[in-house]
Amino acid sequence: DHPTAFDRAAALGCRPSRLSGPSDGARLLSAPRHGAVEGSLPVGQAVLFHSLDQARFALTAARRAKLALLLLTAPGAGAYLGVGWFLALLATLRPSFPTIEQQVWLDCDDAAGHALSALQQGCQRILFTGDARAATQLKDLASMGQAKILRRRPPSLDLRQLEVPSRAAPGYRFVEQRFQAWLRDPTGHLRPTRGKRDGGDAEAD
């Protein structure tokens with residue numbers, strides 16, 4: 001078999017590190033009530049993913065249903081998974097999803113250094129929740145290219161709620177249909193996860 005981008009990233013030492021506790025990967029940031037973000041971004045429901053398989057599942061289901069989608073990495077993934085992992089994920093998905101750079105956001109939490117590194121390495125969609133001065137500097141850098149900086153995490157459906165089976169499993173299509181139904185109407189049984197209310201709006205620059 002030919003090595004994937006993930007294999008190449010692993011060979012370079014771009015390996016995801018373990019979370020220090022069960023709450024680390026699930027911790028959410030302040031969020032508004034709506035799922036779309038402002039700016040010249042595709043409108044769609046926000047979905048939180050934790051693996052390549054989950055990302056591919058969400059993208060495939062949304063495309064089959066002809067629905068827009070925003071994919072978010074887990075909070076702080078820019079630190080504990082790394083930019084190398086994120087770029088490898090994009091490279092793996094790009095042949096099937098050519099606009100992947102505009103659909104997937106790398107969450108760098110409040111770590112300006114990780115956000116800067118992501119910009120320097122070519123990431124186009126970055127979530128940064130740190131201080132305003134650092135955010136302004138990052139936005140200035142982003143404006144020199146095609147990058148966008150999202151300042152607050154929108155409410156999102158955590159794909160761990162769906163327990164997505166393997167594609168060959170009998171229940172795969174049923175789970176996909178449930179997910180597509182949520183994309184059409186997020187007020188249904190599956191509910192988006194929200195962070196603390198702060199009264200702000202999600203913005204992308």
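## Threonine 73 and its surroundings

In this predicted model, threonine 73 touches Leu48, Phe49, Trp85, Phe86, Trp105, Leu106, Asp107 and Arg153, when residues up to four places away in sequence are left out of the count. The residue lies in the loop that runs between strand S2 (69–72) and helix H3 (77–80).

## How helices H2 and H4 pack

Helix H2, made of residues 52–65, packs with helix H4, residues 83–93, at an angle of about 45°, and the axes of the two helices are 11 Å apart. H2 and H4 are therefore oblique to each other, and their crossing is right-handed.

On the H2 side, the residues that take part in the meeting are Leu52, Ala55, Arg56 and Leu59, while H4 contributes Leu89, Thr92 and Leu93. Sorted by class, this contact of H2 with H4 has five nonpolar residues, one polar residue and one charged residue.

## Confidence along the chain

The pLDDT averages 77 over the chain, and 70% of the residues score at least 70. Over residues 1–42, however, the pLDDT is below 50, although this stretch has 93 contacts in the model beyond near neighbours in sequence. Residues 195–201 also have a pLDDT that stays under 50, and for them the model has 16 contacts beyond four places in sequence.

Where pLDDT is low, the predicted coordinates should not be read in detail.

Key. Residues are numbered from 1 along each chain as its sequence is written. This is a predicted model: local features need pLDDT of at least 70, side-chain atom pairs count only at pLDDT 80 or more; totals for chains, interfaces and linings use all residues. Side-chain values use heavy atoms; hydrogens and water are left out. pLDDT is the predictor's confidence in each residue, from 0 to 100. Contact means heavy atoms within 4.5 Å. Helices (H or I, at least four residues) and strands (E, at least two) are DSSP runs, numbered from the N terminus. Axes are lines fitted to C-alpha atoms, for helices over the stretch in contact, and angles run from 0 to 180 degrees between N-to-C directions. Angles under 35 degrees count as roughly parallel, over 145 as roughly antiparallel, 65 to 115 as roughly perpendicular and the rest as oblique. A crossing is left-handed if the near helix is turned anticlockwise from the far one by less than a right angle, and right-handed if clockwise. Ala, Val, Leu, Ile, Met, Phe, Trp, Tyr, Cys and Pro count as nonpolar, Asp, Glu, Lys and Arg as charged, and the others, Gly among them, as polar.
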